[in-house]
Structures are given as C-alpha cells and as structure tokens.
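The structure is shown first, and the description follows.

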Amino acid sequence: MRRLLLLVSTIVFVDAMLFTALTPLVPKYAAEFDLSKLGAGMLVGAFGAGAILGGVPGGLIAARFGPKRAVLGGLLLLAAASFALAAANSAVGVGAARFVQGLSSTTTWAGALAWLAVETPVRRRGEVIGIAFGAAIFGAVLGPMLGGLAELVGTRPSFAAVGIVALACTAVAWLARPAPPEPPGTGEVSRAFRDPRFLGGLWLNTLPAFLFGVLVVLGPLAFAAGGWSTIGIAIVFFVAGLAEIVVNPVLGRVSDRVGRLLPIRLALVGSIVVALGLAVSEEPLVLALLVCAAAVSFGGFYTPGMALASHRADVVGLAQGLAFGLMNTAWALGEMTGPTIGGGLAEAFGDPVPYLVGAALCALTLVASLRVAQAGRARPRAA
C-alpha cells in the first residue's frame, strides 16, 4: 500500500507540476503572441478543453482495462505533450500542447486515483486521497518555479526534462502490481447522476477549478502590470501552494472523522471572503496575500469533494475508475470555463467582475450545503 501511494503521489506530482508551469509564463506568452486577456484565458483553458474530452474515456479505460493500463497510456501521452510544448513556437502550438496535456492528465488521474481507491479501505480513503492530492499540490507549487526556470534557461530544455521524467514514471509504473479492472455495469452511471451527493462531489471539483482558472489568468497579469518579474510571480504561487500541501491531508482526515460537509462549508465561507477581497484589491502585495489565502480556501474543496464522490460511487455501484473519470471531467469543465469566461468578463467589464461571479457561486453552494444538511436530518445518509 505504501509503495502504491508513493507511486501514485509521484505520478500526480509530475502531472500537476507541468499543469501549473504555464502560470508565470502567461504574461510572456501574452506579450510574445500579442494576446488579449480573452486570448490568454483561451491559452490557459486549452488544458481544460483537453481534459473534458479525455475525462470519461479515461475513466472507462481505467474501469474496463484496469487502472494500471490507464496510467501507462496517460503517462506516455503526457511525455509526448511535454516534448510538443518544448518545441512550440506559436500560440496555436502552445495551445495544442496544452490540449494534449489535459487529455493525458484526466486519463492518468482516473487510473492513478482509482488504483488507490480500490486498494484503500473506505474508512481511510479521505486521508489517502488527501496525501496523494497533497503530492499533486506540491507539484502544482513547483510548477510556477519550473515556469520561472523556463524563463531563465529556456522553455525547450525545461519542458523536455519533464517529458523525460514522465517516461521514467512510465517505466516504474510498468513494474507495479496491477489492480483488477472494474467493468462498468448496467445503469450505474444513471444511478450515480440521480444521487444528489455524488453530483455535489462533482460540483466540488468544478467550482475550485473555475476559481483557480480565473486566478491564474488575472493574477499574473495584475502582478506583471504592477512591475513584478516572472520569478516574482512564480514565488507568490510557490508560497501560496506550501500551505495547501499541509492542509489537504488534514482535510482528508477530518472529513473521514466528522463527515464531508463541515470542511466544505469552511472552505466555502473562506472562498467567499477571498474572492470579494480579490475583487476590490489592486495593490500587488495585498493581492499576493490573497493569492496565498485562495490556495487554502479554493483548494479546500478538492479532498472532501473527491472523497464524497468516491464514497457515493461505492454506494450506487459505480466503478471507481469511471467515478474518477467523471470527477476529472467535472474538474476540467471548471478549468476550461474559469480562464476563458474569467478572461472574457475581465476584458469586457474589468477584473472585479469574474471574482464577484466566483463569490456568488460559492454563496449559492453554501446555501445548497445547508439544504443537504436539513435533508440529512430528515432522512439520514451514509455520507
């Protein structure tokens, strides 16, 4: 179990590192390719578009052929996308490479997390998912530093090195003991989509991805407008992620012991406050502090949300691989719409508007969580 957790944690670490490496490079690409805020948002959102396309197929592959095969295929595709990003010399080339990264990422994550969920007792699933997600956050934390390094030494050697690491992970995963496949049954997806709490778990993957998608477009552009360098922007996001690394395993243990709703509500309240702060703040140092707070509050949805959806998948008889494939699709929807809609709204109406939209979504979700609690008192549920 420890070896599998280490393997999965390493895989999601590498994947997340490449995902966030673009963050400090957004101003560079925007200037180099003459992109508007909408154009920069579309460049960032290309990852989410690929992830939407790959989410359900990746889950089906993990369920039908086993998590290990899904992981191997996803890692090979990730390596190819990394080499393509290293060679890209246009906005279309960068966007296409990011699209393939998103496609590979959902397949890899569906296989890796399903592999972990199948081998983990339900009573510890939140904690173990939290540990793996903490490793992903560490990769996401180092990603901006990779982007900053790419600015100094060049994008070609930096992203090519990530491709080599992905190939090394493929070799290690090939040697690991496979988990048995979970062939999809009849009607399991429709049962899952009739379960309000499973749908809630999916939404708790979409919402933070939307919020982060807005932040990773508008944040770096705001810092660059304030005169900050690529390295300075990378350091802000690096520091922001350090707290999230610590918080997610704790959130996993808390959600295992006291239920999913309490940590979700705390994250929602914190996210409302942070989003409103981002909407009214213009001073770069204040924005830097709010980015750090956002890493904790926005990121506080992921672990309890994934644990909730995984648990409800067991209840309705949905294969874990397919469940994580659907979670990846839900996440990808937020990852695609956050940068594109956020960038478009900021271009048309100013930066505060997309942050206010995010705060409103969090408030509506908080109200919905209170309604779920009332229904739970009337008719108790397992999660």
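Arg197, Phe198, Gly201, Leu204, Asn205, Pro208, Ala209 and Phe212 in H9 are in contact (heavy atoms within 4.5 Å) with Tyr302, Gly305, Met306, Leu308, Ala309, Arg312 and Ala313 in H13. Of the residues in this contact, 10 are nonpolar, three polar and two charged. In this grouping Ala, Val, Leu, Ile, Met, Phe, Trp, Tyr, Cys and Pro are nonpolar, Asp, Glu, Lys and Arg are charged, and the others, Gly among them, are polar.

The model is predicted: local features need pLDDT of at least 70, side-chain atom pairs count only at pLDDT 80 or more, and totals for chains, interfaces and linings use all residues. Residues are numbered from 1 along each chain as its sequence is written, and side-chain values use heavy atoms, with hydrogens and water left out.

H9 spans residues 196-225 and H13 spans residues 302-316; they pack at an angle of about 155°, with their axes 8 Å apart. Helices are DSSP runs of H or I with at least four residues, numbered from the N terminus. Axes are lines fitted to C-alpha atoms over the stretch in contact, and angles run from 0 to 180 degrees between N-to-C directions. H9 and H13 are therefore roughly antiparallel, a term for angles over 145 degrees. The crossing of H9 past H13 is left-handed, meaning that the near helix is turned anticlockwise from the far one by less than a right angle.

Across the whole structure there are three salt bridges, each defined as a side-chain nitrogen of Lys or Arg within 4 Å of a carboxyl oxygen of Asp or Glu.

| Salt bridge | N to O distance |
|---|---|
| Lys28 and Glu32 | 2.9 Å |
| Asp351 and Lys37 | 2.9 Å |
| Asp195 and Arg312 | 2.7 Å |

Asp195 and Arg312 are both buried, that is, under 20% relative accessible area with a 1.4 Å probe and protein chains only. Lys28 and Glu32 are four residues apart in helix H2 (residues 26-32), which means that about one helical turn separates them.

Asp351 is partly exposed, with a relative accessible area of 24%, and Lys37 is partly exposed, at 27%.

Notes: Helices (H or I, at least four residues) and strands (E, at least two) are DSSP runs, numbered from the N terminus. Angles under 35 degrees count as roughly parallel, over 145 as roughly antiparallel, 65 to 115 as roughly perpendicular and the rest as oblique. Buried means under 20% relative accessible area, exposed over 50%, partly exposed in between (1.4 Å probe, protein chains only).
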